[in-house]
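Let's take a walk through this model together, from its paired strands to one of its pockets. Keep the structure open beside you as you read.

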Amino acid sequence: MAALLLTSLAACGSEHARAPTFDEIGANLSRYLETYPGVERGETRSCIELKVDLVRSVMRGQIVATDGFKDRSIDGSSLRNGEIVYFEGRARNVITPVAAHSETLITGELEAAGANYGLIFRGSSPITDRRVKEGYLMRGGASSPMLGPEGAYVCGFGVAVVEGHLNGIVVTDAVEFSK
């Protein structure tokens, strides 16, 4: 079982292997948490750790997923307002500022599971700021591929917003990965 689990854990961010589903992670959560102890300490650095963290948070009620809980790395169906979304894909043109109430949002595009979505980062997010400072997001700073049309591969999770002038995934946490 442990060998099977470790094989499936290496899959996130890889075109050649199948990543574990939410159900697989949930059914074996204690083993995933043993394998990735950084999740419990808030030290997620990889796609699989973010996915395990998301499943753990939903199962423990820290994130409420009453409007849906979908893995957009494999499910390209339409977003539903309020659903919790895990994603893996290419983020592009993450540079357009949008004023929303009392803060600025930075919008871009996400190509994941054969579909395109808006990608929305809060301009004042401590999590995003920490990821940038640690070198896990917006690698290269002002010359990051995420800011231009070539894009960068990212994984993460957030909440779908599909009403008004916002349409996409408001990012809670994300990291870049190599394809």
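**A walk from strand to pocket**

Strand E2 (residues 84-100) and strand E3 (residues 103-112) pair in the antiparallel sense, joined by eight bridges. Strands here are DSSP runs of E with at least two residues, helices are runs of H or I with at least four, and both are numbered from the N terminus. Two strands pair if DSSP finds at least two bridges between them. Before going further, please note that this is a predicted model, in which local features need pLDDT of at least 70 and side-chain atom pairs count only at pLDDT 80 or more, while totals for chains, interfaces and linings use all residues. Residues are numbered from 1 along each chain as its sequence is written, and side-chain values use heavy atoms, with hydrogens and water left out.

Now look along the E2 and E3 pairing. Arg 90 has Glu 111 of E3 opposite it. The hairpin of these strands has two residues between them, and His 101 takes a positive phi near 55° there. Strand E2 also holds Asn 93, which is not a glycine but still has a positive phi of about 50°. Asn 93 counts as partly exposed because its relative accessibility is 24%; the classes are buried for under 20% relative accessible area, exposed for over 50%, and partly exposed in between, using a 1.4 Å probe and protein chains only.

Glu 111 has Asn 116 of E4 opposite it, and Leu 105 has Arg 122 of E4 as its bridge partner. Strand E4 also pairs with E6, this time in the parallel sense, over two bridges. There, Ile 120 stands opposite Val 170 in E6. Six of the eight residues of E4 are buried, so this strand is largely enclosed by the rest of the structure.

Next, turn to helix H4 (residues 47-59). Its 13 residues should span 18 Å at 1.5 Å a residue, and the end C-alpha atoms are 18 Å apart, so the two values agree. The expected span is 1.5 Å times one less than the number of residues in the helix. How many of the 13 residues of H4 are buried? Twelve are, which leaves the helix mostly covered. Among the buried residues are Cys 47, Glu 49, Lys 51, Asp 53 and Arg 56. After H4 comes Gly 61, with a positive phi near 80°.

Rings of Phe, Tyr and Trp (its six-membered ring) pair if their centres lie within 6.5 Å; planes under 30 degrees apart count as stacked, over 60 as edge-to-face and the rest as tilted. By this rule the count is two aromatic pairs. The rings of Phe 22 and Phe 69 have centres 4.1 Å apart and planes at 5°, so this pair is stacked. It links distant parts of the chain, with Phe 22 in helix H2 (residues 22-27) and Phe 69 in strand E1 (residues 69-71), 47 residues apart. Phe 22 is buried at 11% relative accessibility, whereas Phe 69 is partly exposed with a relative accessible area of 27%.

The rings of Tyr 153 and Phe 177 have centres 5.8 Å apart and planes at 40°, so that pair is tilted. It also links distant parts of the chain: Tyr 153 lies in strand E5 and Phe 177 in the segment after strand E6 (166-176), 24 residues apart. Tyr 153 is partly exposed, with a relative accessible area of 22%, while Phe 177 counts as buried at 13% relative accessibility.

Finally, visit the second largest pocket, whose volume is about 150 Å³. Among its lining residues are Val 94, Ile 106, Phe 121, Arg 122 and Met 138. A pocket is an open set of points on a 1 Å grid over the protein atoms alone, where a 1.4 Å probe fits, with protein on both sides within 12 Å along at least five of seven lines; lining residues have an atom within 4 Å of a point. H5 gives the most to this lining, with three residues. Met 138 sits in the loop between helix H5 (126-134) and strand E5 (152-163), and its phi is positive, near 55°. Met 138 is buried, with a relative accessible area of 17%.

Key
Points joined across faces, edges and corners; volume = space filled by probe spheres on them.
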